[in-house]
Amino acid sequence: MAVKRRVAIIGGGPAGTICALRLLQSAPDAGRGWEVVIFDRKVFLEFGPPGCNMCAGVIADTVMQQLEELGVPVPTELIQRRIEGHHFETRWGGLSLPKEPEATLCTVYRGLGPKGLGYDERRSFDQFLLRSAVERGAQHIRALVHTIHFPQDSRAPLQVHYGEGETLEAEVVIAACGVNSTLPTRLEQAGFGYRAPATIHACQAEIPLDEDAVTRCFRDEIKVFSLGLPGIRFGAITPKREHVTVTVVGPHIRRADLERFLQHPQVIRHFPPGWQIPSEYCHCHPKLPVTAARCPVTDRFLVIGDAYISRYLKNGIESAFYTGSLAAEVVLQNRLSRSELWHYYVRPCERRYRWDNLYGRLLFRLNDLIARSRWLTASRLRILRKEAAAADWETKPETQILWHLFTGSAPYRDIFHRALWFSLQWRMAQALWEEAREWLGVRGRRGR
Ligand SMILES: Cc1cc2nc3c(=O)[nH]c(=O)nc-3n(C[C@H](O)[C@H](O)[C@H](O)COP(=O)(O)OP(=O)(O)OC[C@H]3O[C@@H](n4cnc5c(N)ncnc54)[C@H](O)[C@@H]3O)c2cc1C
């Protein structure tokens, strides 16, 4: 029997597990056997942050499709809610925006469940991914990886040091450790040029509510808040089955900012009447990458997922799937030298995300700018209200822009170009004019 070559994957989140699944699915076809070892100390069977990869858990249809193609369809009990649209809230009012007609979006919980809620193993998305990889033949070592030794001799195996002084040798090592880990900093010291992505902070709370209250108050909509609050880039409330996930993002966000956000009149009005922030609730402070890592590869070593590159502020699981799948492809094609990895792995990832993320940054900045201006926000709401009356999705350019911006379901470049359309600019100018006329009319009536 042929000796299997070993690939060690550090991290059993979405990037690591999809990479393992692809390697195990394709290995027999490629005529080679790969032994796949996944390291992750987390078991997604603990309540609260220790058993969770801290995320809002909005899953795009592309993610579901990829899992289905791999023969591991997401079981229905894992789905917390199917999302019907967004509610867009600003300081000066808000409205519900429908979803793109064919799009399906749902919410899941990454870990076992928030502290204090009686969820069980069947609810954990990350546990489902990891279990699926193990069922396909991956070995899971429940341990923390401390360092990787890169040998001078290009034929010698790489060494993964983990747990209580143990070592595993592997021909290929893939780091899928995300950005909420100390491993990226240690990789920076390995000497091949890796620099971890820059990050910003989020504070996330899982607020328990009974199922009826979630349905009644949140109506299967993700609430997105552009309130222009100091220190908070944006906030969102994502409905789950028996709780809602509240996320606020900003450069130095803290729990106090999250509570300031929750107490804002435009936010608290979405909760049941008389609702108050509970004294205890499950919360976490994860980091989000906002740039790409530098030098994510060296001979027989690749960084995938958030620790390398992801879509700016949106759809991180989908980008983790992309980099994880591409990494599996280059391993199976045996393109493992540093230069081959640059050509066949880094370049396609950069083409897909790096430049597009610049447009994403610009769009989010524009959104912040509009959120701080009463005039621009009122004009945008006016356009959105007019579009709400139209039946055809194609005649709702501003609704489309916000849908794609909130879901990350189209390249940022396309959204940016759409935002520049003359017809939309013209409608914005008209809306501003109508807003100004209304304001002057009100002032005139007051003056008389
Ligand atoms: C507040 C917030 C909300 C988000 N909401 C969404 C959303 O709604 N939808 C979406 O698509 N994306 C969302 N994201 C982004 C998404 O969470 C990430 O893009 C995605 O999880 C990245 O996957 P990953 O596998 O690269 O890293 P991770 O999910 O971070 O997984 C890394 C894994 O590696 C393990 N690990 C780390 N270091 C070591 C080590 N030294 N040894 C062994 N194991 C290790 C960890 O335990 C973990 O399991 C959100 C992110 C944040 C912060």
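## Domain arrangement

The C-alpha centres of domain 1 and domain 2 are 41 Å apart. Domain 1 comprises residues 5-76 + 118-198 + 291-356, and domain 2 comprises residues 373-447; such bounds come from an automatic or database domain assignment.

The model is predicted, so local features need pLDDT of at least 70 and side-chain atom pairs count only at pLDDT 80 or more, while totals for chains, interfaces and linings use all residues. Residues are numbered from 1 along each chain as its sequence is written, and side-chain values use heavy atoms, with hydrogens and water left out.

## Interface between the domains

The size of an interface is often given as the accessible area lost when the parts come together. Between domain 1 and domain 2 the buried area is about 560 Å², with 39% of it from carbon and sulfur atoms; this is the accessible area (1.4 Å probe) that two parts lose on being put together, summed over both. On the side of domain 1, R311, K314 and D356 lose the most area to domain 2, together 79% of what that side buries.

Contact, meaning heavy atoms within 4.5 Å, links 5 residues of domain 1 with 9 residues of domain 2. Across this interface there are 7 residue pairs in polar contact, both residues at pLDDT 80 or more. A polar contact is a pair of N or O atoms within 3.5 Å; within protein, one must be able to donate a hydrogen and the other to accept it, and residues adjacent in sequence count only if both atoms are side-chain atoms. The rule finds 0 salt bridges between domain 1 and domain 2 (a side-chain nitrogen of Lys or Arg within 4 Å of a carboxyl oxygen of Asp or Glu).

R382 belongs to helix α10, residues 374-389 (helices are DSSP runs of H or I, at least four residues, numbered from the N terminus). R382 counts as buried because its relative accessibility is 18%, where buried means under 20% relative accessible area with a 1.4 Å probe, protein chains only.

Leaving aside residues up to four places away in sequence, R382 touches A431, E434, E435 and E438. Its side chain makes a polar contact of 3.4 Å with the side chain of E434.

E221 lies in strand β14, residues 221-226 (strands are DSSP runs of E, at least two residues). At a relative accessible area of 8%, E221 is buried. The side chains of E221 and S96 are joined by a polar contact of 2.7 Å. Beyond four places in sequence, E221 touches residues including H86, H87 and I237.

Methods: Buried means under 20% relative accessible area, exposed over 50%, partly exposed in between (1.4 Å probe, protein chains only).
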